[in-house]
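Subject: Structure handover and notes

Dear colleague,

I am passing on the structure below, and after it you will find my notes on what was found in it. Please read them with the structure open beside you.

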Amino acid sequence: MKINHHEESGIVIIAPKGKIMGGPESTALHDLLHDLIEQKKTSVIIDLAKVDWMNSTGLGLLISGLTTLRKAGGELKLANVTDKIQSLLTITKLVTVFKSFDSIDEAVKSF
Amino acid sequence: MSTSQLIFTLAYFALGGGLIYLAVLIIRDSARVRLNRITSVMLFLAGLGPVFAALGTVISPYQSGSPLKESPLYNLFYIWELFFPALLYFSWVFPFDRLEGKKVRWRWMVFVPHLFHIFLLVFVSDTDKLFGLIVFEQGDSNLLNSIKESITSVLTWLLIPLGLVITSHKKFFSIINLAYVIGAVSFLYIGMKHVTADRLKKQVRVIIMGLHASLGVYIFTFILPNLIPLELSDNLKFVLGAVMLLVGTGSIAWAIIRYQFLDVQLIIRQSLVYTASSAILVGSYLFAITRFSSFLETLFGKQMPIINIALIVVALMLFQPINAQIDNIIKRMFLRDKSDYRNIANSLSAQIINILDRQQLFQVVEKVLNTSLLIKSVGFAIYDDEQKAYIYFISSEAEPINLSETDPLLGAIGQLKTPTFFDQIDSWNLGSNLATHFKVGGVQMIVPLNDREHLLGFMTLTDKMSGFKFGYEDSTLLSTLANQMVISLTNVRLYRESLVRQRLQEEMNLARQIQMDLLPDTPPQGKNYSIAAHSTPSRTVGGDFYDFMDTDSKGSFGLVIADVSGKGMPAALLAAQIQAVIRSESGGSDVGEAIANVNNLITNLSSSSGKYATLFYGEFDPEKSSFEFSNAGHNYPLLIKADGSHEFLQAGGTVIGAFEQVPYDSHSVKLDPNDLLFFYTDGLSEAMNNDDEEYGEDRILEFLKNNRTRSSEYIRAGILADVDRFAGAGVEDDDTTLIVFKINGTDGND
């Protein structure tokens, strides 16, 4: 799993790649979110276009990211969710919790 | 001079010279240590004894024409007797320093009697002169005269014992020296009793034995003849004197050097080689020069002193470099033969290959380097996985130093492939803390410890005690050593990891135990339904569990199946908490409300840990044959109707334990005879075959539809067998948990 991120009009867009399966690389995402909160950057979009799959640990990562950012007064939104992950979010009914968008532009506008 | 005298003289010179050489070596080792200083002084004075004795036979003051004849300066030779107070002083600081931390001003007083002795002998060796000092000129005044006379008589009385001392000073000081030696031996005895270290005890014992032996000889040779009429021949005195000095000082030198400072064998070999190379050089020079001058003499028919002087100048200029070269060649031939290195390497690999403790490894390596290469001090740096930093420690310093990752010197060491001199590393002076440590510690050589990709650590070596330079063979040996250490360190790491694995395994076992304890022994059984359940924790215990609980006295019961995210102990504990909370919330008016309460409680408990659970909870009322449920983010359980149609049990809310105050819906289904409910966790649906294909919901659905008329027990065993067939012999990554809930047919069939 690789984590690239950039900023667009004050909103941080994180674009992980591959599988989000937990393990040492997912601590990188966790650390990144904490760094962002310290820098008072709490509006975050996770672009899931390049994420093939995530397991329950990966899901836990998104959940803790969301709760951490919300506690800091921010928000974590998802963009470009693939079908497979969409079904995962549907089954777990996390669709009711996460705000998910079809494109980054839409996600950025929603802030 | 007779031949025997000549031999004794040379032996005395050699003995004295050897002792003085050792004294220089020891003071060079470290002049800051009191023990070194006093040992050095003692050996130097002991060396002066035989040297003076030898000089005495060469330039005897009693020979006619000797410049020293009649001169009291001859008595300066008695300086060597200061050896005795030095020995006493030595016995105070060895085997442990009695003077450490104490301000003992009188300690130098032990030298006073001997200094006084020398003073007397040099300046007032003649008793007549002594008395002459106090003979005043006769004055005019009677009063003055009588005062002078009385002073003179008092002084004369005072000087009589002094005169006696001088006339019999040999006897007198023989006794004093004897007292000093006895004192020193006594102190050493007391010291030895206080010493616990074996090595030190041995050392003191050698010294005491040596001193005893030489004391005996000394008494026999020099004291007895002064006290009783005993005549010893000069030759015998020479022999006994030499034996005494050799045994006494030799034992001290051996013990001190062998155990305290250096490898004595190497020093002896080095000295021999040096003497030999010098002798060869001087010999060949003399040979060449005599040949050359006789050649010149025959050529010119007369002697040419100028040419001789020129030859001496040339020889002096060439002597040092040539001698150094010859020295090197001989050293390489005799001292540094390659088998030594092979032996060191072999013994080393045998010693370190089985060491599984890092500290022990460093101790062994340091010992080998100390004894075989005579390295004064060795430092080790090692990457510590826990602290995520390189830690540098030197045995002489108690506290290890954590190295900064950004230290430029550390980066430079990371690039090294072979042992390298510290001063050959370019970037060391770029504001490196480590370089400061190295400079303070006198680091000369850096040995990198690399495996294929990483710098595991490095060793630092100071210069050698012997003063030898690091050579090509040292470098080869250090490379071999570094390779072996890398292997050994890798072993240490693997061993540690296996320990961690073992610990994890223990934790896993405990978690598995907790998990198994959570599972009910038997599912509830009623007359119109049957239940079969199964749970296999995977090797990395997850947080799956299922449970049943009575919700009223009329046979209603609750059913829960859950999957806690994560593995191991934290997951097992969260599972236990969830189970406890559900049990307390079950049997209420609305299952959605019950799950909302469970969620709020668990979210508070597991706040911000990122842990959550998917959970399905349902309550079955056998009277109404209704099943009310709420699904908290769990895989949809399946309701297979008797006619083969199916329904997913979706209603509910999101996962448990992540978000507070989220709503949970509930829904109720009517269960008819032969209806089948199937609950499972993702361990079943995500079981993979070798082609990375998941068993999947569709296969589950297909199996259930095909086997819906079978008993719950048959379905349970059958689907597990089907998944095993599908996934092959592979180990399941996730827990597999399932519940088969079947409403009995009205005809009494399952």
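Arg716(B) forms a salt bridge with Glu713(B), with 2.8 Å between the closest N and O atoms, where a salt bridge is a side-chain nitrogen of Lys or Arg within 4 Å of a carboxyl oxygen of Asp or Glu. Because the two residues are 3 apart in helix H21 of chain B, Arg716(B) and Glu713(B) are separated by about one helical turn; helices here are DSSP runs of H or I with at least four residues, strands are runs of E with at least two, and both are numbered from the N terminus. Arg716(B) counts as buried at 19% relative accessibility, while Glu713(B), at 41%, is partly exposed; buried means under 20% relative accessible area, exposed over 50%, and partly exposed in between, with a 1.4 Å probe and protein chains only.

Before going further, please note that this is a predicted model, in which local features need pLDDT of at least 70 and side-chain atom pairs count only at pLDDT 80 or more, while totals for chains, interfaces and linings use all residues. Residues are numbered from 1 along each chain as its sequence is written, chains are lettered from A and ligands numbered from 1 in the order in which they are written, and side-chain values use heavy atoms, leaving out hydrogens and water.

Helix H21 of chain B holds another such pair, Arg725(B) and Asp722(B), which are 3 residues apart and so separated by about one helical turn. Their side chains meet in a salt bridge at 3.1 Å, N to O, and Arg725(B) is exposed, with a relative accessible area of 62%. Elsewhere, salt bridges that share partners join Lys641(B), Lys670(B), Asp672(B) and Asp675(B) into one network. In chain A, Arg70(A) and Glu75(A) form a salt bridge at 3.4 Å, N to O; Arg70(A) is partly exposed at 34% relative accessibility, whereas Glu75(A) is buried at 14%. Over all chains, the count by this rule is 11 salt bridges.

Across the interface of chain B and chain A, however, the rule finds 0 salt bridges. The count there is 5 residue pairs in polar contact, both residues being at pLDDT 80 or more; a polar contact is a pair of N or O atoms within 3.5 Å, of which, within protein, one must be able to donate a hydrogen and the other to accept it, and residues adjacent in sequence count only if both atoms are side-chain atoms. The contact involves 20 residues of chain B and 17 residues of chain A, contact meaning heavy atoms within 4.5 Å. About 1300 Å² is buried between the two chains, and carbon and sulfur atoms give 63% of it; buried area is the accessible area, with a 1.4 Å probe, that two parts lose on being put together, summed over both. Of the area that chain B buries against chain A, Tyr612(B), Tyr636(B) and Phe659(B) supply 37%, more than any other three residues.

One element to look at here is helix H3 (residues 83–91) of chain A, in which Ile85(A), Leu88(A), Leu89(A) and Ile91(A) are buried. They lie on the same side of H3(A), because they cover an arc of only 165 degrees around the axis, the arc being that of the directions from the helix axis to the C-beta atoms. The buried residues of H3(A) pack against strand S4 (51–54), helix H2 (56–71) and strand S5 (75–79) of chain A, together with helix H20 (696–706) of chain B. The buried residues of H20(B) are Gly696(B), Ile700(B), Leu701(B), Phe703(B) and Leu704(B), and among the elements of chain B that they pack against are strand S16 (676–680) and helix H21 (712–727).

Although Lys93(A) is not a glycine, its phi is positive, about 60 degrees, and at 11% relative accessibility Lys93(A) counts as buried.

Finally, the largest nonpolar core has 79 residues, of which Leu615(B), Phe627(B), Phe679(B) and Phe741(B) touch the most other members; such a core is a set of buried Ala, Val, Leu, Ile, Met, Phe, Trp, Tyr and Cys residues joined through side-chain atoms within 4.5 Å. Apart from it lies another core, of 55 residues, including Ile38(B), Ala86(B), Phe173(B) and Ala253(B).

With best wishes
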